[in-house]
Structures are given as C-alpha cells and as structure tokens.
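Try each one before reading its solution.

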Amino acid sequence: MDYGTEVRITPGDLESFFLVQIPLAGRAEITCGREEIISSPELASVPSPTGKLDMRWGDGNPQLIVWFDRSSLESHLGSLLGRIVRRPIFFSLGMNLTTPGSRSWLNIVDLMRREAEGPGGMRNQPLVTKQLESLLMTQLLMAQPHNYTSALLGEQPRIAPPAVRRAMDVIEGHAAEPLTVAEIAECVGVGVRALQEGFRRHLDTTPLAYLREVRLDRVRKELLTSDPGSETVTAAASRWGFLHPGRFSLAYREQFGESPSETLRS
C-alpha cells in the first residue's frame with residue numbers, strides 16, 4: 001500500500017484483526033495505545049486490535065501489510081498453549097526485522113506473497129495453504145514479544161485430570177441444555193467444589209465460564225453458516241441459552257472482536 005504523499009491515518013481500535021505493517025522505504029510515525037515508534041524498513045509496526053491506532057505515513061513510504069483475523073490468531077495461540085486464550089493478545093508495537101526470528105517470519109511472508117502473485121501453485125492447494133497460514137501465525141507468535149510470550153516459551157500445556165476432561169465432554173455434548181454446576185459434577189462423579197477447583201487449576205476458568213465459551217462458539221458457527229434473510233441473532237442466541245440480548249452481544253464481542261450481527265452479515 002502506498003498513498004503517494006504524506007498522510008495521517010486514524011482508524012482507532014482495529015477490534016477484529018491484527019496488522020503487521022512493513023515499510024519498504026521511508027518512515028512512519030505509529031502510535032497504538034501508549035506506545036509510539038518511528039517505523040522503518042528495519043522496524044515494522046504490529047498494532048494490537050484493542051489499542052487506539054494513530055499513524056502518520058511519510059511521503060515515499062510504501063508498506064507491505066500482513067493481515068491476521070483476530071479470532072483465528074487467538075485460537076491458534078490457544079492450541080499452542082493447550083488452553084483457551086481469554087485475554088486479548090497485546091504485541092509490542094515495534095518489530096525488529098533484523099533478528100533471526102523476524103527474518104524467518106519474513107521469509108514465510110515472502111513465500112506466500114510470491115505464491116499469491118503467481119499463477120496456480122500452492123494457492124490452489126487448500127491443505128498446503130492452511131499449513132502455511134499456521135506456520136505464519138506460529139512464527140509471528142514466537143518472534144514478536146507479546147503478553148503471552150513467557151507462557152508460550154516456558155509453560156508446558158497442562159493436562160487436565162480425567163474428571164475435568166469428562167466434565168468438558170458433558171458440557172460440549174449438552175451445551176444447549178440448562179446445565180448447572182451441580183448437574184455437571186454429578187455426571188462425572190465428583191463434588192461441586194472439587195470440580196470447580198479442577199477447572200480453576202487446570203483450565204484457569206470455571207465450569208460455567210467454560211459452558212458460556214462453548215455456547216458462544218456454537219452460536220458463531222451457526223451465524224457463519226446461516227442466511228441473514230432467514231436467521232436472526234436473537235433466535236440463534238436463544239437456542240444456546242442466551243436470553244439477554246445485551247449481555248450476549250457484549251460477551252460475543254469480547255470473545256470474537258466483532259458483533260454477532262457482523263458475523264451473520266459476513
């Protein structure tokens with residue numbers, strides 16, 4: 001992308017996506033939240049979706065931009081950690097492009113760019129493309145510091161004990177039903193306090209919070225595959241136990257970075 005002249009860009013919060021902006025020449029002033037940098041061909045910018053973004057690109061400042069869907073990147077991080085990611089990812093704003101990790105990431109970007117610009121090739125092979133997308137996300141998460149870096153580099157995935165795994169199966173298999181913690185505990189043969197402690201220790205959540213996340217995921221899948229002309233957000237939400245539209249919309253946006261109506265229209 002190149003505007004051809006100096007320009008100020010003020011999108012505010014990106015909300016539903018991450019960007020890595022790589023200057024090919026020139027300089028840009030980038031502010032995101034409380035961080036400020038002068039971006040250059042040696043220092044890319046990685047604004048996070050929940051930080052207010054304000055930029056001034058200089059004249060002669062073309063940039064190669066890599067776009068990541070927020071929910072996909074956070075889900076990918078969760079798979080690497082072996083647990084659900086509940087807090088947004090916050091990257092350090094400046095990405096030093098001279099480090100070995102960043103150079104490796106740039107090599108993947110360059111491969112995908114060349115494949116996208118050429119005829120045929122890997123872009124016509126969905127399985128290969130999916131693997132490259134996964135590699136691109138993994139290397140970004142490994143190369144660029146963020147608030148989960150210490151957990152990603154030092155914490156091994158926690159293996160939940162059998163009772164917690166059985167409770168997760170019960171929740172996922174009966175998410176549309178009006179489950180209580182007592183009923184879940186009875187199904188897996190443990191006490192309520194023991195079940196709550198197991199979820200806290202091994203999943204960093206509660207049984208009811210996990211149930212809500214499963215239900216939100218199910219609603220999202222329905223909205224993504226439904227016809228906006230025949231489906232409504234309220235109907236989909238109520239099928240999965242969300243009876244208060246305002247609270248549901250707030251929880252949905254916190255989980256996926258967009259409103260349920262935006263998902264349905266997409």
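**Exercise 1: the largest pocket**

Step 1. A pocket here is an open set of points on a 1 Å grid over the protein atoms alone, where a 1.4 Å probe fits, with protein on both sides within 12 Å along at least five of seven lines; lining residues have an atom within 4 Å of a point. The volume is the space filled by probe spheres set on the points, which are joined across faces, edges and corners.

Step 2. Its lining has 27 residues, and S75, I84, D217, Q255 and F256 sit closest to the centre.

Step 3. Two or more lining residues come from each of α1 (70–81), α8 (207–225) and α10 (245–256). The top contributor is α8, with 10 residues. Helices are DSSP runs (H or I, at least four residues) and strands likewise (E, at least two), numbered from the N terminus.

Step 4. Sort the lining: 13 charged, nine nonpolar and five polar. Asp, Glu, Lys and Arg count as charged, Ala, Val, Leu, Ile, Met, Phe, Trp, Tyr, Cys and Pro as nonpolar, and the others, Gly among them, as polar.

The model is predicted: local features need pLDDT of at least 70, side-chain atom pairs count only at pLDDT 80 or more, and totals for chains, interfaces and linings use all residues. Residues are numbered from 1 along each chain as its sequence is written, and side-chain values use heavy atoms, leaving out hydrogens and water.

**Exercise 2: the second largest pocket**

Find which element gives the largest share of the second largest pocket's lining.

Step 1. This pocket has about 630 Å³ of space. Among its 24 lining residues, W67, M112, T129, E133 and L136 are closest to the centre.

Step 2. The largest share is from α3, at seven residues.
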